[in-house]
Amino acid sequence: MQNEYKRILVPVDGSKLAEAALQKACEVAQRNNARIDVLSVLNTTSFGFSYGAIDGSTITQMVDDELAYLKKITERASQKNRCERHPLSRSVW
């Protein structure tokens, strides 16, 4: 019995394994005509809470960097697997 997927969530963290998971998701999306959502969660814990709030420009730069990374890996996945036929969204949280 084969599962039918409509949406596939792929969390990424910058690792090669995460990029491999995105490649696999593209293959599954092709078989199921599914949508792919790629998610990256910003890790702000390294700033610590004892130093106060994180500067707004720092957060903006972190989001911009992460969006650039997501664009790069999704474009690469599209080229390798013809993933462009399926809706692919990028999100940073």
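What share of the contacts in the protein with a separation of 6 or more comes from residues 24 or more positions apart? Such residues account for 70% of these contacts, a contact being heavy atoms within 4.5 Å. The model is predicted: local features need pLDDT of at least 70, side-chain atom pairs count only at pLDDT 80 or more, and totals for chains, interfaces and linings use all residues. Residues are numbered from 1 along each chain as its sequence is written, and side-chain values use heavy atoms, with hydrogens and water left out.

**View 1. Overall fold of the protein.** Two helices and three strands are present, in the sequence pattern β-α-β-α-β. Helices (H or I, at least four residues) and strands (E, at least two) are DSSP runs, numbered from the N terminus. Of the 93 residues, 32% are buried, that is, under 20% relative accessible area with a 1.4 Å probe, counting protein chains only.

**View 2. The open sheet.** Three strands lie in the order E1-E2-E3 with parallel pairing; two strands pair if DSSP finds at least two bridges between them. Strands E1 (7-11) and E3 (88-92) stand at the edges with a single partner strand each, so one side of each is left without a neighbour in the sheet. From one strand to the next, the twist averages 20°.

**View 3. Strands E2 and E3, with helix H1.** Strand E2 (residues 35-40) pairs with E3 in the parallel sense over five bridges. Isoleucine 36 is opposite leucine 88 in E3. Helix H1 (residues 16-32) packs on the sheet and touches E1 and E2. The direction of H1 makes about 170° with that of E1, where axes are lines fitted to C-alpha atoms, for helices over the stretch in contact, and angles run from 0 to 180 degrees between N-to-C directions.

Key. Buried means under 20% relative accessible area, exposed over 50%, partly exposed in between (1.4 Å probe, protein chains only).
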